[in-house]
Amino acid sequence: MRADILAGLNAERAARRAAILVTAIPDGGQRLVREADIPGDPLADVLARHLAQGKSGLATLPDGRQAFLTVQVPPVRLVVVGAVHISQGMVPMAASLDLALTVIDPRTAFATPERFPGVDLVAEWPDGALGGRVPALDRYCALAALTHDPKIDDPALAAALRAGCFYIGALGSRKTHAARVERLTQAGFTQAEVGRIRAPIGLAIGAVSPAEIALAVLAEIVAELRRAPRPEGP
Amino acid sequence: MLSTDTDILSAAEAWRGEGRAVALATVIETWGSAPRPVGSHLVIDGGGNFLGSVSGGCVEGAVIVEAAEVIEDGRPRVLEFGVADETAWRAGLSCGGRIRVFVERID
């Protein structure tokens with residue numbers, strides 16, 4: 001491997017961008033395909049499929065030769081706005097799904113270590129926390145807004161839309177969401193952008209308890225994560 | 001702790017940057033109960049120092065020997081270890097697993 005290709009691969013990882021190293025087997029010819037370049041690549045289909053699964057592996061090229069695809073995908077982060085009962089239910093489930101969870105809620109009565117032991121908990125307003133105490137959102141983040149309070153949820157949803165998070169969900173009835181769509185549209189987001197917000201949040205499994213809603217939301221996140229190909233960036 | 005496969009790639013870059021001769025081994029295919037998944041890396045320098053693993057200890061010795069040759073001649077190669085392979089049997093892949101490992105020099 002050329003040292004500059006290795007350095008490029010490491011640089012993409014450091015920047016939390018996905019990349020795939022294509023190595024011809026057995027002769028070792030190599031090239032690095034950055035995520036942004038995949039749609040225009042001759043191997044777009046196979047690369048997109050491997051990227052969605054997040055798995056390295058052998059692939060057969062159109063010319064019949066074999067190549068090994070080293071797939072490098074940034075670890076997925078889950079940012080939940082609202083230190084509420086549903087978020088508490090998400091804690092153990094997110095851990096077993098390898099989702100790095102951060103809970104943000106400026107209401108200090110909710111955001112207490114007693115309610116969220118061992119969780120990355122930030123008692124700040126989302127717009128102050130994101131890009132500050134919490135690393136800025138990116139495409140490999142899922143954001144779930146669960147406070148029901150537009151003052152808290154809306155800025156987080158706006159940040160998630162701007163960052164192109166792969167999943168954006170918001171708790172609330174259809175009526176609540178209609179009002180939210182109205183506010184975000186007023187704020188300058190297009191219909192297509194606002195349409196990316198999943199509401200009502202979670203897969204339709206008839207969830208009733210907070211833990212069941214947590215399960216529905218996480219299932220929706222996994223479904224979106226594993227869907228190939230990935231949504232276009234912002 | 002240098003444990004994940006991505007850390008191994010950072011180490012490979014750092015070692016090369018220090019002017020050391022470096023080879024990278026990658027698990028490209030597994031069958032049966034292979035101990036390390038596809039994509040696992042082992043980085044080896046010209047002095048035989050290594051980081052990471054391709055098998056959890058079973059065939060690292062053989063890979064390191066091959067890596068020295070790859071560092072020498074610069075020609076990448078694919079190594080295969082499995083129960084049908086005497087070396088692998090001696091090396092301890094008696095679990096029934098088989099792996100293919102690609103070894104290349106960092107130039």
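**Charges over rings.** I began with R107(A): its charged end sits over the ring of F110(A), 3.9 Å from the ring centre. The rule I used asks for NZ of Lys or CZ of Arg within 6 Å of the ring centre and within 35 degrees of the ring normal.

**Ground rules.** I am working on a predicted model, where local features need pLDDT of at least 70 and side-chain atom pairs count only at pLDDT 80 or more, while totals for chains, interfaces and linings use all residues. Side-chain values use heavy atoms, without hydrogens and water, residues are numbered from 1 along each chain as its sequence is written, and chains are lettered from A and ligands numbered from 1 in the order in which they are written.

**Domains of chain A.** For contacts (heavy atoms within 4.5 Å), I noted 7 residues of domain 1 against 7 of domain 2.

**Area between them.** The two domains bury about 520 Å², with 30% from carbon and sulfur atoms; this is the accessible area (1.4 Å probe) lost on putting the two parts together, summed over both. On the domain 1 side, R16(A), E35(A) and A52(A) supply 85% of the buried area, more than any other three residues.

**Salt bridges.** I found 2 across this interface, taking a side-chain nitrogen of Lys or Arg within 4 Å of a carboxyl oxygen of Asp or Glu. R16(A) pairs with D138(A), the closest N and O atoms being 2.6 Å apart.
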